[in-house]
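Dear colleague,

I am passing on the structure we spoke about, with the sequence alongside.

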Amino acid sequence: GKGLAVLTSGGDSQGMNAAVRSVVRMGIYLGCKVYFIREGYQGMVDGGDNIEEANWSSVSSIIHRGGTVIGSARCTDFMKREGRVKAAYNLVTRGITNLVVIGGDGSLTGANLFREEWAGLLDELLENNKITKDQREKYKFLHIAGMVGSIDNDFCGTDMTIGTDSALHRIIGAIDAIVSTAYSHQRTFIMEVMGRQCGYLALVAALAGEADQVFIPEDPVPNNWVEKLCKRLQQERKSGQRLNIIIVAEGAIDREGKPITAELVRKVVVDNLQQDTRITVLGHVQRGGSPSAFDRILGCRMGAEAVMALMEASPDTEPCVVSLDGNQAVRLPLMECVRRTKAVAQAMADKNWDLAVQLRGRS
Ligand code: ADP
């Protein structure tokens, strides 16, 4: 059978295990020899025990676990050609020519580069007598398929990334817990949530958690935000509300690009309204714990689709990223999605927030 390997790279997220499980089982079902690559690209560069054949039962009892059981890492070796030559050697000598990468835009960029260089990497290995002519010929094409695991929902081309829904559950659970204690003491709580440059988690959590105010990177506050915020909080209290909840995305900014931090907001509320105000920074709790049903199913569906894409690939098939479009798992050109995702980051850096939001939407 064909050699197929799966790895998780970059930041972890809930639901990655479901995706790994699905890749392994779909691969075996379709007659492939399937391998885990542990610790992301580092395991591919280092080889040895990091690359291990998987079987049907080696992925049982992982779907309910958060994170990734095969490990993830950032890998500087893979950023250099020398590292990628080693990685190619480790794949070729095991007969692996199909690779599923679960990670963020960085990991997918690396995968694409690796595929582009593949023929050259094999030539180098052949010249140095590391592989045979037969191996050079037999494994001359590398096929890759990507899936995005990220709690931030920050990737262009997919409605949801694997992990976002679980992170939302964590945030909503925390808001509900905070609300009950805030009610007792008539407090204002400021909650900082993750998302890097993407305000999705903050915005949706604010809606679902009945927050009074939300600060996100894509909608920088105007100069008179302090006045507006204080007026709103006062109004809510006057109308009988015993507490206030304010959500601050970790990347929130004002129109000059200065960070709006939880501490800054707290100071504003305390100085102007003298409310009893506390900060809760959710941090890595958001990335942990059991994946939601949605993320498990998403991982399953995307994993199966990724394997099918690889099995159907011909030498000139463009690498794809498996995405969710509506309620369908679809294949999109990997590099186009990566380019759009990078264009969003650039638009944010250029303070062109409307463009960023537009680029994030469906094409
Ligand atoms: P993410 O995949 O979550 O965006 P990173 O950007 O940290 O996370 O990328 C994860 C890993 O992917 C890096 O540590 C590196 O090994 C690999 N990688 C990222 N960008 C490249 C690149 N341009 N070329 C080669 N490898 C890359």
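This is a predicted model: local features need pLDDT of at least 70, side-chain atom pairs count only at pLDDT 80 or more; totals for chains, interfaces and linings use all residues.

Residues are numbered from 1 along each chain as its sequence is written.

To begin with the annotated site, the UniProt annotation "active site", which comes from an unreviewed entry, covers D152; UniProt positions follow the numbering used here, feature names are shortened, and annotations may be inferred rather than shown by experiment. D152 sits in the loop between strand 5 (143-150) and strand 6 (162-163), where helices (H or I, at least four residues) and strands (E, at least two) are DSSP runs numbered from the N terminus. D152 is buried because 25 other C-beta atoms lie within 10 Å, given that a residue counts as buried with 20 or more other C-beta atoms within 10 Å of its own, as exposed with 12 or fewer, and as partly exposed in between, the C-beta atoms being placed from the backbone. Apart from its neighbours within four places in sequence, D152 is in contact with M194, G195, R196, C198, Y200 and L201, contact meaning that the C-beta atoms of two residues, placed from the backbone, lie within 7 Å.

Two of those partners, Y200 and L201, belong to helix 7 (residues 200-208), in which Y200, L201, A202, L203, A205 and A206 are buried. The cover over these buried residues includes helix 6 (164-185), strand 7 (188-193), strand 8 (213-215) and strand 9 (244-249). After helix 7 comes E210, which has a positive phi near 60 degrees.

As for the ligand, 16 residues surround it, and the closest are G10, G104, G106, S107 and G110; a residue is taken as near a molecule if its C-beta atom, placed from the backbone, lies within 6 Å of it. Helix 4 (residues 105-127) supplies the largest share of this shell, six residues.

Turning to helix packing, helix 1 (residues 16-29) and helix 10 (residues 293-312) cross at roughly 35 degrees, with their axes coming within 7 Å; axes are lines fitted to C-alpha atoms, for helices over the stretch in contact, and angles run from 0 to 180 degrees between N-to-C directions. Among the residues that meet here are A18, A19 and S22 in helix 1 and G299, C300 and G303 in helix 10. Helix 8 (residues 225-238) and helix 9 (residues 262-273) pack at an angle of about 65 degrees, their axes being 10 Å apart. In this second pair, V226, L229, C230, L233 and Q234 of helix 8 meet V268, V269, N272 and L273 of helix 9.

Finally, there are two further backbone angles to look at. S61, in the loop between strand 3 (51-53) and helix 3 (81-92), has a positive phi near 60 degrees although S61 is not a glycine, and S61 is exposed, with 11 other C-beta atoms within 10 Å. N129, in the loop between helix 4 and helix 5 (133-138), has a positive phi near 55 degrees and is likewise a residue other than glycine; N129 counts as exposed because it has 7 C-beta neighbours inside 10 Å.

With best wishes
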